[in-house]
Amino acid sequence: MRNKETIIVNNLSEYTSEVTSIRERMVLEGESETLFFRGQCNSVWDIRPSIFRESLVSVESRIIKTAKSRVPSEFRECTSPFEELTKLQHYGLPTRLLDLTRNPLVALYFACCSSEKVLDNEGVEKDSDGVVYICSGYEESTDSFNSTILAKIAQIDFDGETTLKLLKEKLGLTEELPAEAFIKILQGSAFVMPSYNNSRIISQSGAFLITGSINICQDDDDIWNSVVSKCVRNLNETIDIKRIIIPNEIKEDILDELDLFNINESSLFDAIDSGKELKFKELILSMRSKCENASLTEMVDIVLNDSGL
């Protein structure tokens, strides 16, 4: 499924028909990739993981290390660096993971559950249309080679002089790996099926896209001496393969229809952890209001220190 296309639907039936036709075409063409979906309540938003939206990528490793050191019990059962990121994501801290789902109805719910104020072509304010992005890819496990490298990158501090060779050493890669292949991983993404070890991932049929987002200043004399750094990017080219637009005026009707299939807030969000997640979100908002003129590092300090992590 590589053709970009935009479809506007007017009800749940039209939506499910479009999704079904996509799947049928893939089967007829012999494609074996998995379909992934992402719903966003505003169709004009970029597709970005929260660490990029929050502009905190420069202190990404510090967020992770501080959280792990303050509450080690929360990470005790994690069996891979990727699972550590899913733990942080679950409680609302910014990570380089992008939430996806394998259930098209779940994505539709997130496209309809809220709205943002936007301006139309004539400059008049209106509520935003929702969108469901549909893409396909080969799924990987949380401990696959690619997903492990990309998750470890999040925990590494890049000091401005980190070379490709030094990064390879920091990642603990001892086997022979051509520089070109290594760069492809660092600048690529992976669709990852998480361990179904919490109720929210199960109820939302959750999956993730993790991206490297590494900038490389290539050394023409010795590629391994190329300087590498973390950068911010959107994932529109990776995710926006086909989009289905949900006009704002039908969002409420679709939510009512989804409720008949038990796709609603109660079924998708577990009550046990909601208080803890809300606490993290309130702290992040508090950080913004307290530190309007603070540096990024100072902002993260306030979040982590005030949270009691």
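Predicted model: local features only at pLDDT ≥ 70, side-chain atom pairs only at ≥ 80, totals over all residues.
Let me begin with helix H4, which spans residues 81–90 and has 9 of its 10 residues buried, so the helix is largely enclosed by the rest of the structure. The buried residues are Pro81, Phe82, Glu83, Glu84, Leu85, Thr86, Leu88, Gln89 and His90, and just after H4 comes Gly92, which takes a positive phi of about 90 degrees.

Now to the aromatic rings, of which the structure holds 5 pairs. In one of these, the rings of Phe36 and Phe191 have their centres 4.7 Å apart and their planes at 5 degrees, and because planes under 30 degrees apart count as stacked, the pair is described as stacked. Phe36 sits in strand S2, residues 34–40, and Phe191 in strand S8, residues 189–192, so that this pair links distant parts of the chain, 155 residues apart. Both partners are buried, Phe36 at 0% relative accessibility and Phe191 at 9%.

What kind of aromatic pair do Phe82 and Phe208 form? Theirs is edge-to-face, with 6.1 Å from centre to centre and 65 degrees between the planes. Here we return to helix H4, where Phe82 lies, while Phe208 belongs to strand S9, residues 206–211, and the pair therefore ties together parts that are 126 residues apart in sequence. Phe82 is buried with a relative accessible area of 0%, and Phe208, at 5% relative accessibility, counts as buried too.

Finally, I would point you to Tyr109, Phe110 and Phe269, which ring pairs link into a cluster.

Terms used
Residues numbered from 1 in each chain as written. Heavy atoms only, no water. Buried < 20%, exposed > 50% of the residue type's maximum accessible area, 1.4 Å probe, protein only. Helix = DSSP H or I, 4+ residues; strand = E, 2+ residues; numbered from the N terminus. Phe/Tyr/Trp six-rings, centres within 6.5 Å; stacked < 30°, edge-to-face > 60°.
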